[in-house]
Amino acid sequence: MTERLDERRRSARLQAEQVFAAFTVQGLSGSNQGFGVVRNVSENGVSLDTPQPPAVPSTVMLRIGIGEELFELSMQVRR
């Protein structure tokens, strides 16, 4: 099953190890922030494990720290 899924992907995925991310759901007030662990990254998106995922199709500001660098990405939640 995994091989078939990999064949259908639009781009290769890079596996992440111990990369943490914080996110803010844009347009919401109150409890609009969360955190998670990045599973993998591709040209088309980021897979994030989080105990409280934002609702589909929320727009989030994702902040990923890698080493000394901080990356901020505005992304739409797809699933």
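Reader: Leaving aside its neighbours within four places in sequence, which residues is S58 in contact with?

Author: Contact here rests on heavy atoms within 4.5 Å. In this predicted model, S58 is in contact with V25, M75, Q76 and V77, once neighbours within four places in sequence are left aside.

Reader: Where is S58 found?

Author: S58 belongs to the loop between β4 (45–49) and β5 (59–66).

Reader: Is S58 buried or exposed?

Author: A residue counts as buried under 20% relative accessible area. S58 has a relative accessible area of 16%, so S58 is buried. For the protein chain, 28% of the 79 residues count as buried.

Reader: What lies 2.5 Å from a polar atom of the side chain of S58?

Author: That is the backbone oxygen of A55.

Reader: Which strand does β1 join, and how do the two run?

Author: Strand β1 (residues 13–15) is joined by three bridges to β3 (residues 33–42), and they run antiparallel. Within this pairing, L14 has V41 of β3 as its bridge partner.

Reader: How many bridges join β2 to β3?

Author: Five bridges join β2 (residues 20–25) to β3, again antiparallel. Here A22 has F35 as its bridge partner in β3.

Reader: What joins β3 to β4?

Author: A hairpin does, through two residues. The two strands pair in the antiparallel sense over five bridges, and N40 stands opposite S47 in β4.

Reader: How do side chains sit in a regular strand?

Author: They alternate between the two faces of the sheet.

Terms used: Residues are numbered from 1 along each chain as its sequence is written. This is a predicted model: local features need pLDDT of at least 70, side-chain atom pairs count only at pLDDT 80 or more; totals for chains, interfaces and linings use all residues. Side-chain values use heavy atoms; hydrogens and water are left out. Buried means under 20% relative accessible area, exposed over 50%, partly exposed in between (1.4 Å probe, protein chains only). Helices (H or I, at least four residues) and strands (E, at least two) are DSSP runs, numbered from the N terminus. A polar contact is a pair of N or O atoms within 3.5 Å; within protein, one must be able to donate a hydrogen and the other to accept it, and residues adjacent in sequence count only if both atoms are side-chain atoms. Two strands pair if DSSP finds at least two bridges between them.
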